[in-house]
Amino acid sequence: MEIEWAICEVEPFQLCLAVSNNRLVFVGGDAKGEAELYQWFRQSKTKVHYCYNHSITKEYATQLEVALRGEVTRLVVEMSGTAFQQAVWSALQTIPYGETRSYSDIAALINRPTATRAVATAIAKNPLTILIPCHRVIAKNGHLAGYRGGIAMKKQLLHIEAQNKGIM
């Protein structure tokens with residue numbers, strides 16, 4: 001697999017973006033750099049060739065900024081995962097901009113109401129943070145729970161959405 005990547009400014013974040021075959025395949029956490037990218041694909045056991053290419057990732061960064069504003073993007077993405085992971089990631093995309101759901105809400109949405117922990121694990125395997133809005137999933141008690149980008153990034157994303165929601 002050939003991956004072109006770069007660290008991009010996606011205001012207000014510094015994100016590692018990775019593209020393969022003109023499809024976005026990875027969005028890293030704020031300021032985590034390329035080490036997170038390498039670790040992500042090391043776990044997949046797929047042989048990967050990395051090439052730094054800021055020019056190809058620039059448009060993807062622009063489109064992520066569009067997504068942060070709650071607007072529809074033109075991004076072409078590629079996500080591979082199990083059928084269960086795909087179901088969870090699909091359910092995440094139904095959470096309206098600026099709103100949150102609990103892990104148990106997502107489990108119920110995919111007709112697996114007792115699979116809350118499995119849902120949390122699938123959410124942690126989401127390669128496209130921000131775009132597949134796993135930051136909108138919180139604990140049942142309303143507290144912010146784990147996020148690959150870190151709790152501070154999750155809090156900031158929810159704050160951005162809350163501010164922008166009135167504009168849409």
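Reply: Starting with a salt bridge, the side chains of E99 and R101 meet in one, at 3.1 Å from N to O. The term stands for a side-chain nitrogen of Lys or Arg within 4 Å of a carboxyl oxygen of Asp or Glu. Note that this is a predicted model, in which local features need pLDDT of at least 70 and side-chain atom pairs count only at pLDDT 80 or more, while totals for chains, interfaces and linings use all residues. Residues are numbered from 1 along each chain as its sequence is written, and side-chain values use heavy atoms, with hydrogens and water left out.

Me: Is E99 buried or exposed, or something in between? And R101?

Reply: E99 counts as partly exposed because its relative accessibility is 27%. R101 is partly exposed too, at 29%. Buried means under 20% relative accessible area, exposed means over 50%, and partly exposed is in between, with a 1.4 Å probe and protein chains only.

Me: How many salt bridges does the rule count?

Reply: The count comes to five. One of them pairs R136 with E161, with N and O 2.9 Å apart. That pair links distant parts of the chain, 25 residues apart: R136 is in the loop between α5 (116–124) and β6, and E161 is in helix α6. Helices here are DSSP runs of H or I with at least four residues, strands are runs of E with at least two, and both are numbered from the N terminus.

Me: Why does R136 count as buried? What about E161?

Reply: R136 is buried because its relative accessible area is 8%. E161 is at 3% relative accessibility, so E161 counts as buried as well.

Me: While we're in α6, what about H159?

Reply: H159 is found in helix α6, which covers residues 151–165. Its relative accessible area is 46%, so H159 is partly exposed. From H159 to P127 it is 32 residues in sequence and 22 Å in space, C-alpha to C-alpha.

Me: How much area do domain 1 and domain 2 bury between them?

Reply: About 1400 Å², with 66% of it on carbon and sulfur atoms. Buried area is the accessible area (1.4 Å probe) that two parts lose on being put together, summed over both. On the domain 1 side, F13, W40 and L68 lose the most area to domain 2, and together they make up 36% of what that side buries.

Me: What about polar links between domain 1 and domain 2?

Reply: The rule finds seven residue pairs in polar contact across that interface, both residues at pLDDT 80 or more. A polar contact is a pair of N or O atoms within 3.5 Å; within protein, one must be able to donate a hydrogen and the other to accept it, and residues adjacent in sequence count only if both atoms are side-chain atoms.

Me: New topic: where is N53, and what does N53 touch?

Reply: N53 lies in the loop between β4 (49–52) and α2. N53 is buried because its relative accessible area is 17%. Not counting residues up to four places away in sequence, N53 touches E4, W5 and A6. With E4 there is a side-chain to side-chain polar contact at 2.8 Å.

Me: Last one, Q63. Buried or exposed?

Reply: Q63 counts as buried, at 5% relative accessibility. Q63 is in helix α2. Leaving aside neighbours within four places in sequence, Q63 is in contact with T73, R74 and L75.

Definitions and conventions:
Contact means heavy atoms within 4.5 Å.
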